[in-house]
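Colleague: Could you put the model up and walk me through its fold, its charged pairs and its core?

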Amino acid sequence: MARHRWHILRDDASVTVARHLPVRLDLAVEACVPLPASQPVSRGRVAHQIRQDMWRALQDLRGFSPVVRVAREGDVLRVTAGGRLAAKVGAGGAEAALATLLERADLRARWIAHATRRAAHA
């Protein structure tokens with residue numbers, strides 16, 4: 001089986017993880033995730049954790065190609081999660097499902113714990 005590759009785009013402001021280029025957000029939800037005080041956080045690791053959870057939540061959405069952008073803005077991470085849709089038809093509750101996912105406190109805590117633990121060792 002061929003290994004699936006993810007494109008990781010980095011600039012000074014953000015990290016974007018996408019399955020396909022060019023990045024296209026036919027479906028997008030934004031959220032701000034508070035950060036722990038003065039701890040390094042890997043934006044790339046947060047993006048991959050969100051991508052994994054988003055993929056699990058939307059795995060039945062045919063033709064979906066995930067995109068996650070994470071930008072640090074002071075004491076928060078601004079997260080844009082969504083992606084490319086092969087067809088707008090059938091996206092139904094995907095936006096609501098993404099919004100719910102991004103607001104879950106247990107997932108946010110796991111994303112940040114994973115990203116701070118790894119950033120401290122990097």
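Modeller: What follows goes from the overall fold to the salt bridges and then to the nonpolar core. This is a predicted model, in which local features need pLDDT of at least 70 and side-chain atom pairs count only at pLDDT 80 or more, while totals for chains, interfaces and linings use all residues. Residues are numbered from 1 along each chain as its sequence is written, and side-chain values use heavy atoms, with hydrogens and water left out.

Colleague: Fine, so how many helices and strands does the protein have?

Modeller: There are three helices and five strands, where helices (H or I, at least four residues) and strands (E, at least two) are DSSP runs numbered from the N terminus. Along the sequence the pattern reads β-β-β-α-β-β-α-α.

Colleague: And in which sense do β1 and β2 pair?

Modeller: Strand β1 (residues 7-10) and strand β2 (residues 14-18) pair in the antiparallel sense over four bridges, pairing being called if DSSP finds at least two bridges between two strands. Three residues sit between β1 and β2 in this hairpin, and L9 has T16 in β2 as its bridge partner.

Colleague: Switching to charges, how many salt bridges are there in the whole structure?

Modeller: The search finds seven, taking a salt bridge as a side-chain nitrogen of Lys or Arg within 4 Å of a carboxyl oxygen of Asp or Glu. One of them joins R110 to D53, with the closest N and O atoms 2.4 Å apart. R110 lies in helix α3 (residues 105-121) and D53 in helix α1 (residues 43-57), so this pair ties together parts that are 57 residues apart in sequence.

Colleague: Is D53 buried or exposed?

Modeller: D53 counts as buried because its relative accessibility is 6%, whereas R110 is partly exposed at 34%; buried means under 20% relative accessible area, exposed over 50%, and partly exposed in between (1.4 Å probe, protein chains only).

Colleague: What about E30, which residue does it bridge to?

Modeller: E30 forms a salt bridge with R78, and their closest N and O atoms are 3.0 Å apart. The two residues are 48 apart in the chain, E30 being in strand β3 (residues 27-34) and R78 in strand β5 (residues 76-85). E30 is partly exposed at 47% relative accessibility, and R78 is also partly exposed, at 28%.

Colleague: Now the inside: which residues touch the most other members of the largest nonpolar core?

Modeller: Of its 28 residues, those are V46, I50, L58, L77, V79 and L102, a nonpolar core being a set of buried Ala, Val, Leu, Ile, Met, Phe, Trp, Tyr and Cys residues joined through side-chain atoms within 4.5 Å. The elements giving two or more residues to this core are β3, α1, β4 (64-73), β5, α2 (94-103) and α3.

Colleague: What does V79 contact beyond its sequence neighbours?

Modeller: Leaving aside neighbours within four places in sequence, V79 is in contact (heavy atoms within 4.5 Å) with residues including V29, E30, I50, V68 and L102.

Colleague: And which residues of α1 are buried?

Modeller: In α1 the buried residues are G44, V46, A47, Q49, I50, R51, D53 and M54.
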